[in-house]
Amino acid sequence: MSRFTVEVLVTPRPGLLDPQGKAIHHALASLGYDTVEDVRVGKAIYLEVAAGSAEEATERIEEACRKLLANPVTEDFRVTAGVRR
Amino acid sequence: MKVAVITFPGSNCDQDCHRSVELAGGSPRFVWHRERSLGDAEAVIVPGGFAHGDYLRPGAIARFSPIMDAVIGFAREGGLVAGICNGFQVLCEAGLLPGALLRNRSLRFQSHDCRLRVERADTPYTRRYGEGQVIRMPLSHADGNYYADSATLAELEAAGRVVFRYCDPLGDVTREANPNGSLNHIAGIVNARGNVLGMMPHPDRAIEEVLGSVDGLALFESLVGTAVAATATARSEVA
């Protein structure tokens, strides 16, 4: 068993209104970042996972995403094992 | 009529719901979230608050509290389960109601009175209202922006499962009267069978004159009356 740092990125599904992203977009525009065309805000979750392989860690945490870490109605997720923070 | 009021760590309207049931003539009982049985409860209320601190997403962690297996089983058998505010979020996370409650369009925590139009007066929760009646009660939430995909939304509308909509004092459903951006101005819905209700506004905070409105009491009276009738029917069937 090794220990893997697993990164989970949870993002609002495409087409879903993201008022937080919108507010940040406006703030960026007012600072002159007028080349920014869209902003979406999600969250990153880091887990330390004991597993035999990166694939095993990924599978395990993808299951956890479907159950708890992401809401399938409103969010997409991406799991990457072995990343360094 | 015995009503279980679920208390999670972070619930803050469990007392309000307890009193509401009492004033409506029912017998409320607190059930701690770590319990695994609802006992002899004939209805369940999942109250408002910030269960488990609303961490991750409102309702996401509460949905896995030990008592929730019993609540889900009770609902699947047709038992009356009402989720108010945070309770609505918990029931969506638990899959008992479709959709999700997103961050308010304003990004602000909204806390003020709102008007609701009663769209259905034939549910177990709204029998004491009239269809089209405009009622007033407080709302208090940061994540009340009801969202469901277009197919689910169409299904809700076609089946008449939208029970309450935000409206102005005249009963008109307008963008200005919508406090959070919820789709189709939805404030409350029921499941397909009609036994599970979720709503963001607080009928439990509109039950006595001193609170500024008594418009919420009829919801609890409807609930208590329905459960009593259901029990009487079940008993006569057994007899």
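This is a predicted model: local features need pLDDT of at least 70, side-chain atom pairs count only at pLDDT 80 or more; totals for chains, interfaces and linings use all residues.
Helix 1 of chain B, formed by residues 14–23, lies across strand 1, strand 2, strand 3 and strand 4 of chain B, running at about 155 degrees to strand 2 of chain B.

## The sheet

Chain B contains an open sheet of 9 strands, arranged in the order 2-1-3-4-11-10-9-6-7 with mixed pairing. Its edges are strand 2 and strand 7 (134–141) of chain B, each of which pairs on one side only, and neighbouring strands of this sheet are turned against each other by 25 degrees on average, direction ignored.

Within this arrangement, strand 1 and strand 3 of chain B run parallel and are joined by 3 bridges; Val5(B) has Ile45(B), in strand 3 of chain B, as its bridge partner.

## The enclosed helix 2

Helix 2 of chain B, residues 67–76, is largely enclosed by the rest of the structure, because 7 of its 10 residues are buried, that is, under 20% relative accessible area. These buried residues are Ile67(B), Met68(B), Ala70(B), Val71(B), Ile72(B), Phe74(B) and Ala75(B).

The buried residues of helix 2 of chain B pack against strand 1 (2–7), strand 2 (27–32), strand 3 (43–46), strand 4 (80–84) and strand 11 (196–199) of chain B, as well as against helix 3 (86–93) of chain B. After helix 2 of chain B comes Gly78(B), which has a positive phi, near 100 degrees.

Technical notes
Residues are numbered from 1 along each chain as its sequence is written. Chains are lettered from A and ligands numbered from 1 in the order in which they are written. Side-chain values use heavy atoms; hydrogens and water are left out. Buried means under 20% relative accessible area, exposed over 50%, partly exposed in between (1.4 Å probe, protein chains only). Helices (H or I, at least four residues) and strands (E, at least two) are DSSP runs, numbered from the N terminus. Contact means heavy atoms within 4.5 Å. Two strands pair if DSSP finds at least two bridges between them. Axes are lines fitted to C-alpha atoms, for helices over the stretch in contact, and angles run from 0 to 180 degrees between N-to-C directions.
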